[in-house]
Amino acid sequence: MEQDWIYGFLGGLLIGTGGAVFLLMNGRIMGASGILGGLLDGSGRANARERLAFLAGTILMPIPLYPFFRSVDTHITTDLTVIVLGGLMVGLGTRLANGCTSGHGVCGISRLSFRGISATAIYILMGGFTLSVLRHIWGVI
């Protein structure tokens, strides 16, 4: 039986715990795009060290976990163009939605925010639509 779902479950627990701790410690919603965006546009200068620490933890945390999870297959494509375009589309989507999956999906839904629930429903539907188009019409994935 496939056990890969456990990795998603554990990742979800870590993100949810991180969101709860961030809210309890700072009184603000943990949205990765907002944290990064505040550094890029200068609006987050007042708490830049906190934002940089969050991003450093996000980037560096896989290093100590690597010995335990070497064989995890992400099924990511090897086509660099698709990866870059996907990243740009995610960035554009987070700007259009005024937030990302961690802000709207994890923190917004847990607070029963209508905006978070509706944004999450829309990006889940659009993700399914995009996958269908890429897989069944373009044959890319």
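Helices (H or I, at least four residues) are DSSP runs numbered from the N terminus. The legends below describe a predicted model, in which local features need pLDDT of at least 70 and side-chain atom pairs count only at pLDDT 80 or more, while totals for chains, interfaces and linings use all residues. Residues are numbered from 1 along each chain as its sequence is written, and side-chain values use heavy atoms, with hydrogens and water left out.

**View A. Arg 51 in helix H3.** At 3.1 Å, the Arg 51 side chain reaches the backbone oxygen of Ile 35. Contacts (heavy atoms within 4.5 Å) of Arg 51 beyond four places in sequence are Gly 34, Ile 35, Gly 38, Leu 39 and Gly 44.

**View B. The buried side of helix H2, residues 32-41.** Ile 35, Gly 37 and Gly 38 are buried in H2. These residues lie on the same side of H2 because they cover an arc of only 170° around the axis, taken from the directions from the helix axis to the C-beta atoms. Their cover includes helices H1 (5-26), H3 (48-60) and H5 (80-96). Just after H2, Gly 42 adopts a positive phi of about 85°.

**View C. The largest nonpolar core.** Its 5 residues are Phe 22, Met 30, Ile 35, Leu 55 and Cys 107, buried residues joined through side-chain atoms within 4.5 Å. Beyond four places in sequence, Met 30 has contacts including Ile 15, Phe 54 and Ser 102.

Terms used: Buried means under 20% relative accessible area, exposed over 50%, partly exposed in between (1.4 Å probe, protein chains only). Helices (H or I, at least four residues) and strands (E, at least two) are DSSP runs, numbered from the N terminus. A polar contact is a pair of N or O atoms within 3.5 Å; within protein, one must be able to donate a hydrogen and the other to accept it, and residues adjacent in sequence count only if both atoms are side-chain atoms.
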